[in-house]
Amino acid sequence: MEMIMTTEEQKSRTARSYKLILLFAMVSMTMMFAGLTSAFVVSKSRADWLKDFQLPIAFYYSTAAIIGCSVAFHLAKKAIQKNNQSKTTIFLLTTLVLGILFVILQFVGFGQIVDNGYYFTGSGSSITTTFLYVVTVVHLIHLAGGVISLLIIIYNHFKQKYNSSQTLGIELGAMYWHFLDLLWVYLFLFLYFFK
């Protein structure tokens, strides 16, 4: 007896598959950052480790910006589930602006570090700032993927591809941005407390 799937069953199965793929990708990224933070902990015992290093103030503001991204994306998801296209647009664009602000503030933070006489490479660098730079840049690379996916989601939203019964793209984007948010908050707290 051949089983025929309904369109709803097929959409549900596809959604589960995409979410599972994204979950596997996020787990692998988590493992990479776990390795980087483990190396950070091990390197902390080196004689050339900076004991008095302070995170730049811009990193505090960038943390607020990325938390705002996560909140705005969540609100976009809720708005599209209610078929409120205009609020979805506002919240998706807010997420994009806050994401770009996060990136700008990260680079401002790098500038503040250099202004304080700490360098990331070369003879004037230290292992502390090099680790900070590597961890932050790797996170920024993952965030670039988030911005690209957000731009695609915004494009699809303007083409009216999302509504209360078709939210998968926004759901996947929200999952990834929440992951990036939690990852940065973890990294920020880790860098703050494990100096």
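Predicted model: local features only at pLDDT ≥ 70, side-chain atom pairs only at ≥ 80, totals over all residues.
I count a contact as heavy atoms within 4.5 Å. Residues are numbered from 1 along each chain as its sequence is written, and side-chain values use heavy atoms, without hydrogens and water.

**Entry: the core**

I looked up W177 with that contact rule. W177 touches C69, S70, F73, T95, G99, L143, G146, V147 and L150, leaving aside residues up to four places away in sequence.

Next I looked up the nonpolar core, meaning buried Ala, Val, Leu, Ile, Met, Phe, Trp, Tyr and Cys residues joined through side-chain atoms within 4.5 Å. Buried is under 20% relative accessible area, exposed is over 50%, and partly exposed is in between (1.4 Å probe, protein chains only). The largest such core has 51 residues, and F73, L92 and W177 have the most contacts inside it. At least two core residues come from each of α1 (7-43), α2, α3, α4 and α5. Helix α5 gives the most, with 14 residues. Helices here are DSSP runs of H or I with at least four residues, numbered from the N terminus.

**Entry: T136**

Is T136 buried or exposed? I find 0% relative accessibility, so T136 counts as buried. T136 sits in helix α4. F59, Q106, F110 and W184 touch T136, again leaving aside residues up to four places away in sequence.

**Entry: aromatic rings**

I pair rings of Phe, Tyr and Trp (its six-membered ring) when their centres lie within 6.5 Å; planes under 30 degrees apart are stacked, over 60 edge-to-face, and the rest tilted. How many aromatic pairs does the whole structure hold? The search finds 18.

I took F110 and F120 from these. Their ring centres are 5.4 Å apart and their planes meet at 75°, so this pair is edge-to-face. F110 lies in helix α3 (residues 85-115) and F120 in the loop between α3 and α4 (127-158), so the pair ties together parts ten residues apart in sequence. Both F110 and F120 are buried.

Then I took Y176 and F179. Their ring centres are 6.2 Å apart and their planes are at 35°, so I log this pair as tilted. Y176 and F179 are three residues apart in helix α5, which means about one helical turn between them. Both Y176 and F179 are buried.

I also noted one aromatic cluster, formed by F59, F102, F107, F110, F120, Y133 and W184.

**Entry: the surface**

I looked for a nonpolar patch on the surface. V41, I57, Y60, Y61, L189, Y192, F193 and F194 form one, with about 780 Å² of accessible area together. Helices α2 (57-81) and α5 (168-193) are the elements that give two or more residues to this patch. A patch takes residues with over 30% relative accessible area and no salt bridge; nonpolar side chains (Val, Leu, Ile, Met, Phe, Trp, Tyr) are joined within 5 Å, like charges within 9 Å. A salt bridge is a Lys or Arg side-chain nitrogen within 4 Å of an Asp or Glu carboxyl oxygen. Areas come from the Shrake-Rupley method with a 1.4 Å probe, and for residues only the protein chains shown count as cover. F193 belongs to helix α5. At 57% relative accessibility, F193 counts as exposed.

**Entry: positive phi**

Most residues other than glycine have a negative phi. I checked N83, whose phi is near 65°, a positive value. N83 is in the loop between α2 and α3. Its relative accessible area is 40%, so N83 is partly exposed.

Q160 also has a phi near 65°. Where does Q160 lie? Q160 is in the loop between α4 and α5. With 53% relative accessibility, Q160 counts as exposed.
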